[in-house]
Each structure stands twice: as C-alpha cells, then as structure tokens.
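This briefing accompanies the sequence and the three-dimensional structure shown below. It is arranged by topic for reading beside the model.

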Amino acid sequence: MKILFFSAKPYDITTFNQHNANYGFEVEYLETHLGPHIVNAVDEGTFAVCVFVNDNLTAEVIEVLAAKGVKVIALRCAGFNNVDLAAAKKHGITVCRVPAYSPEAVAEHAVAMLLTLNRKTHKAYNRVREQNFSLNGLLGFNMHGKTVGVIATGRIGKAFCKIMLGFGCKVLAFDLYQDPELVAAGVNYIPFEEVLQQADIVSLHCPLTPESHHLINRETLGLMKQGATLINTSRGALIDTHAVIVALKTGRLAYLGIDVYEQEDRLFFKDLSGSIIEDDTIQRLMSFPNVLVTGHQAFFTADALAQIAETTLSSIRQLGAGIFLDGALEV
C-alpha cells in the first residue's frame with residue numbers, strides 16, 4: 001500500500017522511514033502542503049495521504065482524493081479542524097489522527113514559554129553575550145503561590161496542571177468533564193468566566209471547534225485580571241489576535257506566549273528569513289517586548305515524533321486490514 005505524505009520536513013522523513021522499516025509501506029514525501037493546487041498529483045490507487053496541521057482538506061480536495069482511490073486520510077496530529085469531515089464521510093474515506101503524542105512535550109513547552117516571559121531568560125541570554133550583566137528590566141515574579149487557570153484538561157492540559165501544582169501554584173480549571181485524578185490532586189474546577197477572573201496566568205489546551213473559535217476575544221479578555229499572562233499552545237484561532245493586541249497595549253495582558261497563530265499556514269514551518277513578511281498582524285505582535293512567539297514547535301521532541309510515526313503507521317495498517325480503530329484514533 002502506498003502512503004503519500006504532504007508538508008513533509010526532513011525530520012518527518014527521517015522518523016517515518018525509521019518506523020516504516022517495520023511496516024514496509026511504499027512511501028512518498030512532498031514538502032508542499034495539500035490543497036486544491038496539488039491534489040491532482042496524488043497517484044491513482046494511493047491508499048492513504050498523511051497530512052499535518054496546515055494542510056487544507058476541503059470538500060473539493062476530498063472529492064479528488066476519493067476519485068483517485070484514497071481510502072484513508074491520516075492526520076499526524078491531534079486536531080482535525082482542517083478536514084471537511086462531512087465530505088470524507090460522504091466519499092467513504094476514513095480519517096484517523098494521533099490523539100496523544102507525548103502530551104508532556106506540549107505541556108512542557110507551555111511552561112517553558114511561561115518561564116521565559118516571566119524571567120526574561122531570552123533577553124538575559126542576549127545581554128550577557130554582549131557583556132551586559134545589568135539586571136535592569138529583567139524583573140520577574142515567583143510562580144509559587146500564583147493562580148493558574150487551565151482551559152481544558154485533556155491529556156495535555158492534565159500534564160500542564162501537574163507541572164503547575166509542582167510549582168506550588170493554585171490551579172483552577174474549566175472543562176466539560178472533571179478529571180477525578182486532578183480533583184484529588186487539588187485542581188479546582190469552576191466555570192470558564194470565573195477562571196478568567198481569578199487567574200494570574202491562563203493557559204489554553206482545548207481543540208479548535210466552532211464553539212471555541214475566538215474563545216479569547218474582547219469580551220473574555222475584559223474578564224481577565226489587569227496584568228494577566230496568556231499562553232496558547234493549542235490552536236491559533238482560539239484567540240482573536242486583534243483583540244489581544246488591544247489588550248497588550250492597554251496592559252490588560254502583561255505577557256503573551258503563543259506557539260500557534262491564526263494565519264500560521266502562511267508562515268510556520270518555513271524559512272522566511274530572507275523574505276518580506278506581509279502579515280502586519282504577526283509583525284505587530286512580535287514588536288511587543290512582552291510577547292513570545294514560537295513556530296508551532298511545542299510538539300517537537302524526539303519522543304513525540306516517534307509516537308506520531310508509530311501511531312500513524314499502525315493505524316493505516318489496521319485500516320488496510322479492515323480492523324476498526326480505537327475510538328480516539330478514528331475521527
């Protein structure tokens with residue numbers, strides 16, 4: 001069976017080739033993202049296409065895939081907001097994903113962003129390299145004793161909660177379902193609005209759905225403490241970027257850390273160091289000294305890549321053999 005990979009980077013190729021040694025699939029890698037512009041490059045009889053967060057699987061794209069004989073769309077990520085699921089169902093294409101690939105990787109990156117913003121280690125690093133050992137402008141705050149609000153306590157949110165408890169923080173959470181283990185550990189579940197009102201630090205760990213689109217907007221930002229910190233390692237469109245810029249300008253937000261961005265498909269996973277970026281919004285965000293932007297790298301650990309490859313290839317093999325997948329794997 002043939003698998004055609006889109007948005008394939010060198011690290012994807014290396015990892016999947018290593019794990020495919022145990023499966024023996026015919027694999028082909030394309031660096032371009034999947035969309036209407038390239039879908040006709042899929043060969044007839046390709047069993048599966050393997051895609052990532054910024055591939056665009058519209059109804060039009062899925063119709064062409066079905067005509068080519070594609071049976072599986074394998075997402076090597078947890079989110080599936082970029083796939084027209086109704087079109088996939090209509091054409092009999094199974095959509096699978098990787099719901100849990102080292103949740104600690106993403107949670108730890110969220111913490112790294114939080115600590116970097118707070119203690120300004122990125123600025124201190126650059127200063128010392130220039131023989132500037134002044135501490136002016138590097139003042140931070142103790143994490144111990146702060147109130148941390150966690151929006152959604154799935155696998156990643158749960159890992160983040162545990163780390164924050166280890167720092168000695170008071171952890172508040174909002175989720176439709178309470179995790180008994182977290183409750184026993186001291187996490188207090190309260191309504192979403194109350195989390196925003198009470199938390200010094202808010203970290204987003206929820207999927208992007210129609211209901212969660214622009215979850216952080218002008219109104220919800222108005223509920224947050226003056227001088228709060230906001231971290232987003234989930235999906236860019238959870239945040240209304242223009243509203244966040246206003247909140248930064250007024251001081252409602254003292255710090256912002258984002259590993260994801262609404263329009264990231266035009267920017268992330270590319271080397272644009274020699275280009276003029278025409279996105280004025282991201283340029284405005286990066287001009288703030290209290291904003292930290294990383295390029296969707298929270299998942300990027302050797303452990304996570306190995307789990308992604310193994311889960312993806314295993315799912316495709318099972319589907320090829322007519323075996324139903326675990327409910328979490330099949331969308």
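S7 lies in the loop that connects β1 (2–5) with α1 (10–20). In this predicted model, the phi angle of S7 is positive, at about 55 degrees, although S7 is not a glycine. Most residues other than glycine have a negative phi. S7 has a relative accessibility of 13% and therefore counts as buried, the cut-off being under 20%.

**A second residue with positive phi**

- Q131 is also a residue other than glycine with a positive phi, here near 60 degrees.
- The loop that holds Q131 runs between α5 (121–129) and β6.
- Is Q131 buried or exposed? Its relative accessibility is 60%, so Q131 counts as exposed, for which the cut-off is over 50%.

**Overall form and composition**

- The protein contains 12 helices and 12 strands.
- A compact globule of 331 residues would have a radius of gyration near 20 Å, and the 21 Å of the protein agrees with this.
- Along the principal axes, the C-alpha atoms occupy a box of roughly 60 × 50 × 35 Å.
- Of the 331 residues, 50% are buried.
- Among contacts with a separation of 6 or more, 67% are between residues 24 or more positions apart.
- The accessible surface amounts to about 15,600 Å², and carbon and sulfur atoms account for 52% of this area.

**The seven-stranded sheet**

- Seven strands form an open sheet with parallel pairing, in the order β8-β7-β6-β9-β10-β11-β12.
- The edges of this sheet are β8 (188–189) and β12 (291–293), each of which pairs on one side only.
- Strands of a sheet pair through backbone hydrogen bonds, either parallel or antiparallel.
- Strand β10 (residues 228–232) runs parallel to strand β11 (residues 253–258), and five bridges join the two.
- N232 has I258 in β11 as its bridge partner.

**Strand β6 and its surroundings**

- Five bridges also connect β6 with strand β7 (residues 170–174), and the two run parallel.
- V148 has V171 as its bridge partner in β7.
- Why is β6 described as largely enclosed by the rest of the structure? The reason is that five of its five residues are buried.
- The side chains of the strand divide between two directions: T147, G149 and I151 point one way and V148 and V150 the other way, and all are buried.
- T147 belongs to this strand, which spans residues 147–151.
- T147 counts as buried because its relative accessibility is 12%, where buried means under 20%.
- Beyond its neighbours within four places in sequence, T147 is in contact with K170, L172, Q198, A199, D200 and I201.

- T233 is located in the loop between β10 and α10 (241–250).
- The relative accessible area of T233 is 7%, and T233 is therefore buried.
- Which residues does T233 contact, leaving aside its neighbours within four places in sequence? They are V106, H109, A110, M113, L204, H205, D259, V260 and A298.
- T233 is 175 residues from T58 in sequence, and their C-alpha atoms are 25 Å apart in space.

**C50, in strand β3**

- C50 lies in strand β3, which covers residues 48–51.
- With a relative accessibility of 0%, C50 counts as buried.
- C50 and A8 are separated by 42 residues in sequence and by 9.1 Å in space, C-alpha to C-alpha.

How values were computed
Residues numbered from 1 in each chain as written. Predicted model: local features only at pLDDT ≥ 70, side-chain atom pairs only at ≥ 80, totals over all residues. Heavy atoms only, no water. Helix = DSSP H or I, 4+ residues; strand = E, 2+ residues; numbered from the N terminus. Rg over C-alpha atoms; globule rule 2.2 N^0.38 Å. Buried < 20%, exposed > 50% of the residue type's maximum accessible area, 1.4 Å probe, protein only. Contact = heavy atoms within 4.5 Å. Areas by Shrake-Rupley, 256 points an atom, 1.4 Å probe, with all protein chains shown as cover. Pairing = 2+ DSSP bridges.
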